[in-house]
Amino acid sequence: MHFAPLHQAQAFLDQHPHIDMIELFILDANGVPRGKLLHRDELLAVYESGRPLPSTILGLTLNGDDVENSGLVWDVGDIDCRAYPLEGSLVPLPWRQIPTAAVQVSMHPVEGAPASVADPRHVLIRAIDALKADGLYPVMACELEFYLLDAKRDAQGRPQPALDADGGRPRSTQVYGLRELEQIEPFLADLYAACKQQGIPARTAISEYAPGQVEITLEHGDALLAMDQAVRYKRIVKGVAHRHGMQACFMAKPFDDLAGTGMHMHVSLADEQGRNLYASDDKAGTPLLRQSVGGMLAHLLDSLLLFCPNANSYRRFQANSYAPLAPTWGVDNRTVSLRVPGGPAKTRHIEHRICGADANPYLTAAAILAAIHDGIRQQRDPGAPVEGNGYAQATTFLPTDWLTSLTALERSEWAREALGDGFLKVYLAVKRAEYRQFMAQVGEQDWRWYLTNA
C-alpha cells in the first residue's frame, strides 16, 4: 500500500499559510467519517510516522456504540492502531468558518493491526489486486442521489424539503427539470467550486423525481481513485449544504411517499494498456462482459447487505420505482438490476443499480469486483438479457428485509474468501448489534398501529 510522502504535506502548508486546522478522518464500514481535528503544526508528524487511532474506531455501530464481540474492544484493550495519509487527500474545506483542510487516512496493514482488517478501503484493494493479478484493471464511476432538506424540522419534528430560491417550499418536482436546478444555483455553484478545488470530477447535475432530490455524476476512472472521490464528494455535498442552511441527506428512503435515493455503480474492465475489454459493437458486450454479469447475478444475495446496509435501505424496494427488485440484467433497460447502457462500443460497461445512497462506496465496489472476478473465472452464463418490463418478467426476487440479507452474508463462503474473514467478523458483529438495537426501539409507527388496535 502506498501512502502520501512527507514533501506533499510540506508543500501544502507552504501553499496554504492561512490554514489553521486539519481534519483527519478515516471511513468506517458504515461509511461514517471518524477522526480528529488537528492543529496545522501536527500535520507533518502524521506524514512522518502516522497517527494512532483506537482500534474501536473501525468497529462502531452507525450511532457510534462499541460492539464488544467485534474483537476490537476489550479483547485487544482498545489498542492504538497507526493510520497514514492517502495520496492526494490533503485538501482545503472552503465552506468552513475556521480555515480548515482535511486529510483522509487509512490503517497501515501492519502498524494498524488489528483494526486494519476492518478498514473498508483495504477490502476494496484486495478485490482490485486479485483482478490485476489476472491482467484485469477495473474502471469505475459512481452516481449518487441525495435530498436537500431544510435544516429545520416541521412542526411534528419531521424532515422537510429545503426552501427554494423564491422562499417557497417545493411540494412537487419535474424530473430533469431545469428550473429545479436553477432554484439551487447558489448551492450548485459552491459545490462545483469545492469539487474543482479538491480535484473531484463532478459532471452532470440532474433534478430527480422528488422535491429537493438531485443527482450529480462523477467521471469514471481507476476503481480505487473513483471510490476515494465518491467518499470525499459526499463530504463536500454535506459541508456545502450545511453552509447554505440545508442538510444533504443520503438516506435510502427518507420519505415513504417520495422516491428513494440510490447509488449507481458503473464498471468496466481494461487491459494493462487501458483498452476497454467490454468494448463491442454488440450492445450486449463481449463474452467477458456477460461473464461479469453472470458473476454479479450469482452473488447478488450474498452481497446485498453491503449494497443495502441498513433497515431503512429496504424501504426503497418498491415495484415500478426504478429501484430494482430481481436478479435481472438487460441492455439499455432501466427496469433491471444490471443494465448495459447504449452508446459507442468503446464506452460499453455495466451499470449496477441496486445500491442505496447510504451504502459504503468501498464495500459496494469490492463486492461488485469480487463477483465479476468469480463470474470470469467460472465463466458464468447470465442467460438472455431481459427485454421490456423487467418488473413484470421477474420470476425470483431479492429479499426486502435486513435480517435475510444479514443472514445470507453470514452464510456465504464466497464472501469470506472474497472479502476476508477478519473484515466479515467485525462487519457482521456491527450489523448484528445494529439490528438488535433497531428492533428493540419502540417508535411512532408502533404507536400508530398497535396502541389502540392491538
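The points below go through a strand, a pocket, a helix, a loop residue and some backbone details.

1. Please keep in mind that this is a predicted model. Every value I quote is computed from it.

2. Let's begin with strand 9, residues 213–218. Is strand 9 enclosed or open? Six of its six residues are buried, so the rest of the structure largely encloses this strand. Q213, E215 and T217 point to one side of strand 9, while V214, I216 and L218 point the other way, and all are buried.

3. Strand 8 (residues 202–207) runs antiparallel to strand 9, and four bridges join the two. Within this pairing, S207 stands opposite V214, and A205 has I216 as its bridge partner. Strand 7 also pairs with strand 9 in the antiparallel sense, over five bridges; here Y147 stands opposite Q213.

4. Now look at the turn of the hairpin formed by strand 8 and strand 9. Five residues lie between the strands, and G212 takes a positive phi near 80 degrees.

5. Next comes the second largest pocket, with a volume of about 1,100 Å³. Its lining counts 47 residues, of which E143, E215, H264, H266 and E351 are the closest to the centre. Strand 7 (137–150), strand 8, strand 9 and strand 12 (263–270) are the elements that give two or more residues to this lining. What is the make-up of the lining in nonpolar, polar and charged residues? The lining of the second largest pocket divides into 17 nonpolar, 16 polar and 14 charged residues.

6. Helix 13 covers residues 421–440, and its 20 residues reach 28 Å from first C-alpha to last, close to the 28 Å expected at 1.5 Å a residue. Its buried residues include F423, Y427, L428, V430, K431 and E434. Which helices do the buried residues of helix 13 pack against? They are helix 3 (120–133), helix 8 (300–307), helix 9 (361–377), helix 11 (402–411) and helix 12 (413–419).

7. Because its relative accessible area is 0%, under the 20% cut-off, I354 counts as buried. Leaving aside residues up to four places away in sequence, I354 touches L300, L304, F307, C308, R316, F317, P324, S337 and L398. I354 and M265 are 89 residues apart in sequence, yet 8.6 Å apart in space, C-alpha to C-alpha.

8. Finally, some backbone details to check by eye. Most residues other than glycine have a negative phi, and most peptide bonds are trans. The peptide bond from A113 to P114 is cis, with omega near 5 degrees, and P114 is found in the loop between strand 6 (100–107) and helix 3.

9. Two residues other than glycine take a positive phi: D78, at about 50 degrees, and D332, near 50 degrees. D78 is found in the loop between strand 3 (51–54) and strand 4 (80–85), and D332 in the loop between strand 13 (329–331) and strand 14 (338–340).

Technical notes:
Residues are numbered from 1 along each chain as its sequence is written. This is a predicted model: local features need pLDDT of at least 70, side-chain atom pairs count only at pLDDT 80 or more; totals for chains, interfaces and linings use all residues. Side-chain values use heavy atoms; hydrogens and water are left out. Two strands pair if DSSP finds at least two bridges between them. The expected span of a helix is 1.5 Å times one less than its number of residues. Buried means under 20% relative accessible area, exposed over 50%, partly exposed in between (1.4 Å probe, protein chains only). Contact means heavy atoms within 4.5 Å. On a 1 Å grid over the protein atoms alone, a cavity is a set of points where a 1.4 Å probe fits but cannot get out, and a pocket is an open set with protein on both sides within 12 Å along at least five of seven lines; lining residues have an atom within 4 Å of a point. Grid points are joined across faces, edges and corners, and a volume is the space filled by probe spheres set on the points. Ala, Val, Leu, Ile, Met, Phe, Trp, Tyr, Cys and Pro count as nonpolar, Asp, Glu, Lys and Arg as charged, and the others, Gly among them, as polar.
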